[in-house]
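Work through the exercises below with the sequence and the model side by side. Try each task before reading its solution.

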Amino acid sequence: MAAARSVNAESGREEKGPEGSCPESGPPGATIPRVKLLDTLVDTFLQKLVAAGSYQRFTDCYKHLYQLQPEMTQRIYDKLVTQLQTSVREEISEIKAEGNLEAVLSSLDKIVQEGKDRTEPAWRPSGIPEEDMRSALVPYFVQQRDALQRRVHRQEAENRQLAEAVLAGRGRVQELRRQGRARQQAWQALRREQTELLGVLGEPE
C-alpha cells in the first residue's frame, strides 16, 4: 500500500505539467535539443504508465494473492514495472538507432538555429513541382536506403554466422561417425582375436 501511495503521489506531481518546475527546463528563451525532448517524453510516458497501473490497482486485480502473500505480490509488481520500463526503453533505443533519429533531430535543431540567425528570405518553391518534390524526397529516400542497407548487412552477418555454425556442426557429426567406425572396427578385430585364441586353446594336443 505504501508503494501505491508513493506512485500515486509521484503521478500527482507529474500531472501538474508546465505549472511545476521541470528539471529539463532551461533558462528562458533557451532551446532544448529535440533528442533531450524525446528522452523526456519517454520518461514522462513511463511515469504516467506506472501511475495508471498503480500497485493499488494491481492488488485489486489479484486480491487473493495479495491477501495470502503481500510481500510476494509487491515483488511481482516491482519486477513487472521494471521489465515494462526496460522493454519500452529498449524498443525506443532500437527505433532511434534504426532511424538514426539522434542525428536527424540534431540536424533539425541545427537547421532551426540557422534559420533563426539567417537574415535572407526563407526558401520558397521554385515553381517547378518536380524539382521541389525531388529536393524534398531525395534526402528522405537516401536515409531510408542507408537504414535498409544497414539492416541487410546485419542480416547477412547473422546468416554467415549461422552458416559457419551449421558447417561446424556437420564437421562434428562427421568426426563422431569416423570415431564410431573406428571403434566398431577395433571391436570387430578384438572379437576375431578372441575367436582365434579360443580356437587355439580348444585344439587337442
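The exercises cover a helix, its ring contacts and a surface patch.

The model is predicted: local features need pLDDT of at least 70, side-chain atom pairs count only at pLDDT 80 or more, and totals for chains, interfaces and linings use all residues. Residues are numbered from 1 along each chain as its sequence is written, and side-chain values use heavy atoms, with hydrogens and water left out.

**Exercise 1.** Compare the span of helix H5 with the expected one.

Solution. Helices are DSSP runs of H or I with at least four residues, numbered from the N terminus. H5 covers residues 70-98, which is 29 residues. The expected span is 1.5 Å times one less than the number of residues, here 42 Å. From first to last C-alpha, H5 reaches 42 Å, close to that value. Asn100, with a positive phi near 50°, follows H5.

**Exercise 2.** Classify the ring pair of Phe58 and Tyr77.

Solution. Rings of Phe, Tyr and Trp (its six-membered ring) pair if their centres lie within 6.5 Å; planes under 30 degrees apart are stacked, over 60 edge-to-face, the rest tilted. Phe58 sits in helix H3 (residues 55-61) and Tyr77 in H5, 19 residues apart. Buried means under 20% relative accessible area (1.4 Å probe, protein chains only); Phe58 has 13% and Tyr77 4%, so Phe58 is buried and Tyr77 is buried. Ring pairs join Tyr55, Phe58, Tyr62, Tyr66 and Tyr77 into a cluster.

How values were computed:
Helix = DSSP H or I, 4+ residues; strand = E, 2+ residues; numbered from the N terminus. Buried < 20%, exposed > 50% of the residue type's maximum accessible area, 1.4 Å probe, protein only.
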